[in-house]
Amino acid sequence: MTTNLDETHDPALTSWVESANDPATDFPIQNLPLGRFRRTADSDWSIGVAIGDQLLDLRRAGLVASTDMSLLMHADAGSRRALRRAISLALRKGSDRSDSLRSSLLAQSEVEMGLPCRIGDYTDFYTGIYHATNVGKQFRPDNPLLPNYKWIPIGYHGRASSIGVSPQLFRRPLGQFKRPDDKAPSFGPTQRLDYELELGAFIGTPNAIGEPVAMDDAEEHIFGLVLFNDWTARDVQAWEYQPLGPFLSKNFASTVSPWIVTLEALAPFRTPFSRPDGDPQPLPYLDSPANRETGGIAIALQVALRTAAMTKAETPPQRLMGSNFRDSYWTLAQLVVHHTVNGCNLQSGDLFGSGTQSGPDPGQGGSLLELTNGGKQPLVLANGETRAFLEDGDTVIMYGYCERSGFRRIGFGECAGTVLPARETY
Ligand code: MN
């Protein structure tokens with residue numbers, strides 16, 4: 001099970017890579033997230049594991065035979081756990097390999113990170129019930145939460161080709177939108193560009209077509225998690241979303257963080273899954289004792305904004321909100337089971353978005369749409385600027401970390417993206 005604790009989670013472990021022992025690092029030896037990097041634009045991609053502010057080239061270190069992340073992702077969960085243990089042993093203080101491995105170590109600041117793998121199919125879910133309610137109120141004031149929400153993990157099939165890795169730059173998209181009082185739609189750069197704070201889950205081992213995954217096996221199919229920004233053009237969304245759901249309002253860009261934090265690394269931070277009093281219990285195919293006991297994961301999530309003016313003034317990004325993935329209405333296992341219940345096959349490198357993770361309080365909206373009440377109450381930033389929606393030059397940075405007493409804090413690094421001006425001619 002991915003909830004099992006073993007020696008790799010021991011909070012007393014330290015590494016011979018000194019920066020990994022800094023209490024503030026996201027990447028202590030208890031984390032060991034995997035990513036794809038290259039030294040220069042001309043060199044080949046390799047698989048690395050983040051350790052402090054360094055990374056270890058896994059093939060050079062003799063810990064994997066290939067530079068193909070999809071092979072690692074495809075492997076069964078037992079091999080994944082064996083690799084985690086081997087990396088942990090190699091990086092531990094006192095390891096007899098520390099001298100020979102130093103030549104496989106590189107500073108993270110000196111490499112380019114790529115997408116962790118070739119992303120196959122991308123599905124975005126809607127597991128944040130506070131987000132679903134807040135957004136539902138703006139689109140349908142009388143009927144915010146549709147009746148299926150508490151029964152089905154709602155999702156839609158998105159587009160993988162425009163998913164990029166942090167730090168991603170993208171142009172403000174063009175699109176069609178209709179202002180409430182206008183008779184006809186307009187065309188041009190979106191006026192209501194937003195972000196969505198999500199987690200991404202990469203599928204590891206596939207399931208065969210026609211073979212649904214059961215709750216007890218579901219997590220074995222998840223390789224690990226990243227931070228995920230599902231950029232959204234709200235005006236385009238409002239005009240296009242009926243009857244078939246999101247389309248061009250979403251598929252111009254999405255950003256993942258470069259390091260996949262494995263489910264094994266997240267084992268100490270599991271939480272029970274329960275439903276509030278009065279809410280329906282999940283149907284039997286979405287329920288299991290293990291899911292009730294440890295189906296959730298406590299991951300603190302944050303969004304910060306650095307405007308062009310802040311970049312120019314060299315002021316740090318301003319934190320806008322924080323929430324926690326433990327408040328998700330559905331667990332990762334339930335997403336895998338529901339997605340495959342009709343026989344749909346998941347493949348290594350497929351990506352699930354969790355849906356926007358807003359918290360229960362008004363200041364915990366996981367998008368500007370929520371934090372500004374649909375743009376009606378712009379945020380006033382510390383430097384006096386205001387934001388209803390994103391402006392050109394804005395950089396949105398997402399963070400995630402797990403903390404629990406008795407365990408080492410681990411983090412996800414950053415997921416950053418910057419809005420460039422729209423094309424000038426259209
Ligand atoms: Mn989304």
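Start by selecting the manganese ion: its protein donors are Asp 124 (OD), Glu 196 (OE), Glu 198 (OE) and Asp 230 (OD), at 2.1 to 2.3 Å from the metal. Donors here are N, O and S atoms within 2.8 Å of the metal (3.2 Å for Na, K and Ca), and water is not among the atoms, so sites may look incomplete. Keep in mind that this is a predicted model, where local features need pLDDT of at least 70 and side-chain atom pairs count only at pLDDT 80 or more, while totals for chains, interfaces and linings use all residues. Residues are numbered from 1 along each chain as its sequence is written, and side-chain values use heavy atoms, with hydrogens and water left out.

Now trace those donors along the chain: their spacing reads D-x71-E-x1-E-x31-D. Glu 196 is buried at 4% relative accessibility, and Glu 198 is buried at 0%. Buried means under 20% relative accessible area, exposed over 50%, and partly exposed in between (1.4 Å probe, protein chains only).

Last stop: Ser 98, which sits in helix α3 (residues 98-101). Helices (H or I, at least four residues) and strands (E, at least two) are DSSP runs, numbered from the N terminus. Ser 98 has 14% relative accessibility and counts as buried. Then jump to Glu 414: from Ser 98 that is 316 residues in sequence and 28 Å in space, C-alpha to C-alpha.
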